[in-house]
Amino acid sequence: MKIGKSLFFLAISASFAPTIASAAADNNPVAAQALNQMPAHAQALRMSARDAFVVKDVILDTNGASHVRMDRLYAGLPVIGGDLVMHMSASGAFANASTTMTSSLSLATKPKASSGSAIRAANAAFAGITSGQPSSVLSVYTRNGVTALAYDVLVRGTAASGRPSETHVIVDANTLAVLDKFDDIKTTAAAGTGNSLTSGVVPLTTDQTGATTFVLRDPTRGNHYINDLAGRRSGNGTTYTDSDNLWGNSSTSNSQTAAVDAMYGQNTTWDFYQSLGRNGINGTGGAGYSRVHYSRNYVNAYWSDSCFCMTYGDGDGATYLPLVALDVAGHEMTHGVTSTSAGLVYSGQSGGLNESMSDIMGTMVEFRGTKGNNLPNYLIGERIYTANNNVPTPTTALRYMFKPSLDGASPDCYTSTIGNLDVHFSSGVSNHFFYLLSEGAVSPSGFSLSPASLVCNGNTALTAIGRDAASRILYRALTVYWTSSTNYSQARAGTLSAAADLYGTSSTQYNAVAAAWSAVSVN
Ligand SMILES: [Zn+2]
């Protein structure tokens with residue numbers, strides 16, 4: 001049980017007889033009990049006659065034991081490294097203390113160097129760009145075997161890494177040597193809330209860099225972040241920040257809204273790949289980053305291997321929304337997975353397979369992350385249509401995995417000339433395979449397609465193994481068996497090898513993979 005973290009009271013112990021100095025302390029009998037016992041345990045507490053203590057925290061265990069945390073003053077100066085915790089048993093008796101000090105303090109407290117010279121030394125030691133005039137507090141420093149009278153100089157600015165920084169530079173008050181440096185701004189994961197455009201209200205993990213400063217960057221998922229291009233077509237824009245960790249308003253009227261969707265898509269994609277055993281998008285913990293509000297009225301989104309980043313357009317403001325839907329985010333990031341695994345060349349049959357992997361895994365991300373009325377399905381990009389937003393079962397989309405020809409350009413079945421098509425059309429055969437493998441020859445809701453019209457070879461008795469098994473097989477094929485020039489026939493062989501590894505050659509899944517490829521004429 002924790003009973004608060006405020007500063008309770010200041011007790012001066014010049015005579016080894018601490019007294020309770022504030023009304024708040026009267027209300028905290030545990031802290032008072034600890035203070036009363038301090039003189040009897042001066043050695044364990046490394047107390048000197050010039051020490052005083054400020055109680056910071058009291059923790060009560062359920063068994064009655066207590067722990068009182070205190071900061072130390074020496075001759076009225078704060079002692080950096082002088083903090084301690086007094087541990088008391090259930091009876092209230094002193095048990096022991098935690099402190100890193102090995103002996104009590106004994107030093108002169110009149111500095112030979114001025115505060116101004118210490119500030120100059122601290123500025124010189126700060127790696128980055130300072131802003132404003134640093135402040136300085138005369139202190140006692142006792143850490144890591146060094147004890148000295150020192151100036152604690154707080155330098156604010158931007159660190160060399162580009163992050164905001166509030167660095168304490170500890171400067172020896174006699175010699176001006178820099179004794180230590182530490183930053184008050186730490187990477188702190190904070191729980192934020194986003195009002196998205198296409199996924200309702202979503203949780204976000206952000207980076208808290210100040211009391212009221214939150215950055216749209218997720219320290220728990222590879223530090224991926226969202227930048228605002230604000231209509232520009234070049235540069236990296238600026239990373240979104242916010243004061244209350246509530247982001248967006250579910251409408252394009254707020255610039256943060258599209259960023260919320262991009263962030264949520266990135267989170268969901270990261271988590272999806274983690275569920276497959278992949279560490280980040282690049283396989284080694286890297287996530288890339290996203291840029292939203294690219295150009296004006298841009299109806300597309302794209303992945304770039306060179307920046308390992310995603311870029312989202314805003315749509316045309318009429319027919320198309322910003323292109324930040326879940327399956328689009330999953331699609332783009334999967335290009336990053338493919339580029340760091342099989343490396344499928346983006347032309348011919350390998351290009352079609354590359355696009356198809358992005359559609360398949362983008363769909364998996366959509367199934368994983370969907371919230372609100374935008375139900376998941378095997379359509380691609382359906383949520384970029386303004387008219388489809390919050391419609392549970394839309395029927396217009398960029399692509400249709402269960403019947404690719406519904407887009408007017410993609411073939412349903414493999415032919416030897418398929419590699420001549422644009423990669424967004426030659427992808428259809430593999431998308432079709434994935435649908436049949438996951439769901440069988442069954443018309444999705446919103447459509448009334450006969451089983452025979454869903455297959456190329458008349459075999460409508462396909463076994464549906466479900467999306468999870470199907471995606472595991474595809475992921476293993478992509479990362480273990482396929483290479484940069486894999487074609488459709490080789491893709492079939494790779495997925496069979498993957499299914500054999502995961503489920504065995506006599507498994508339902510193995511046989512279903514073979515039957516689903518045959519059903520799209522890949523033999
Ligand atoms: Zn793509």
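Predicted model: local features only at pLDDT ≥ 70, side-chain atom pairs only at ≥ 80, totals over all residues.
The buried residues of α3 are Ala118, Ile119 and Ala122. Around the helix axis they cover an arc of only 100 degrees, so they sit on the same side of α3. Gly116 and Ala124, on the other side of the helix, are exposed.

Take Ile119 from that buried set. This residue lies in helix α3. Why does Ile119 count as buried? The cut-off is 20 or more other C-beta atoms within 10 Å, and Ile119 counts as buried because it has 20 C-beta neighbours inside that distance. As for what surrounds it, if we leave aside neighbours within four places in sequence, Ile119 is in contact with Pro134, Ser136 and Val153. Pro134 is 15 residues away from Ile119 in sequence, and the C-alpha to C-alpha separation in space is 6.7 Å.

For the antiparallel case, look at strand β5, residues 84-88, and strand β6, residues 94-99, which are joined by 5 bridges. Within that pair, His87 is opposite Asn96 of β6. The two strands form a hairpin, with 5 residues between them. Gly92 is in the turn and has a positive phi of about 95 degrees.

For the parallel case, go to strand β20, residues 289-294. How many of the residues of β20 are buried? The count is 6 of 6, so to speak a mostly covered strand. β20 pairs with strand β16, residues 224-228, in parallel through 3 bridges, and there Asp228 is opposite Val292 of β20. β20 also pairs with strand β22, residues 309-313, again in the parallel sense, over 4 bridges. In that pairing Tyr289 has Cys309 of β22 as its bridge partner.

Next, a mixed sheet. It is open and has 5 strands, in the order β18-β14-β13-β12-β19. Which strands stand at its edges? They are β18, residues 241-242, and β19, residues 246-247. Each has a single partner strand, so one side of each is left without a neighbour in the sheet. Further in, β13, residues 201-210, and β14, residues 213-215, pair in the antiparallel sense over 3 bridges. Gln208 has Phe214 of β14 as its bridge partner.

The loop between β18 and β19 holds Asn245. Phi of Asn245 is near 65 degrees, a positive value in a residue other than glycine. Asn245 counts as partly exposed because it has 17 C-beta neighbours inside 10 Å.

Arg46 is not a glycine either, and its phi is positive, at about 55 degrees. Is Arg46 buried or exposed? With 20 C-beta neighbours inside 10 Å, Arg46 counts as buried.

Last, the helix pairs. Helix α5, residues 326-339, and helix α6, residues 348-369, have axes that come within 7 Å and cross at roughly 130 degrees. That angle makes α5 oblique to α6. The crossing is right-handed. Among the α5 residues that meet α6 are Leu326, Val328, His331 and His335. On the α6 side the residues include Met357, Met361, Met364 and Val365.

Helix α6 also crosses helix α8, residues 428-439. Here the axes come within 8 Å, at an angle of roughly 40 degrees, which makes α6 oblique to α8. This crossing, too, is right-handed. Gly352, Leu353, Ser356, Asp359 and Ile360 of α6 meet Ser430, Asn431 and Phe434 of α8. Asp359 is also on the list of α6 residues that meet α5.

To go back to the opening question, Ala118, Ile119 and Ala122 are the buried residues of α3, with Gly116 and Ala124 exposed on the other side.

Methods
Residues numbered from 1 in each chain as written. Pairing = 2+ DSSP bridges. Buried ≥ 20, exposed ≤ 12 C-beta atoms within 10 Å, placed from the backbone. Arc of directions from axis to C-beta. Axes fitted to C-alpha atoms, helices over the stretch in contact; angles between N-to-C directions. Parallel < 35°, antiparallel > 145°, perpendicular 65-115°, else oblique. Left-handed = near helix turned anticlockwise from the far one by under 90°. Contact = placed C-beta atoms within 7 Å.
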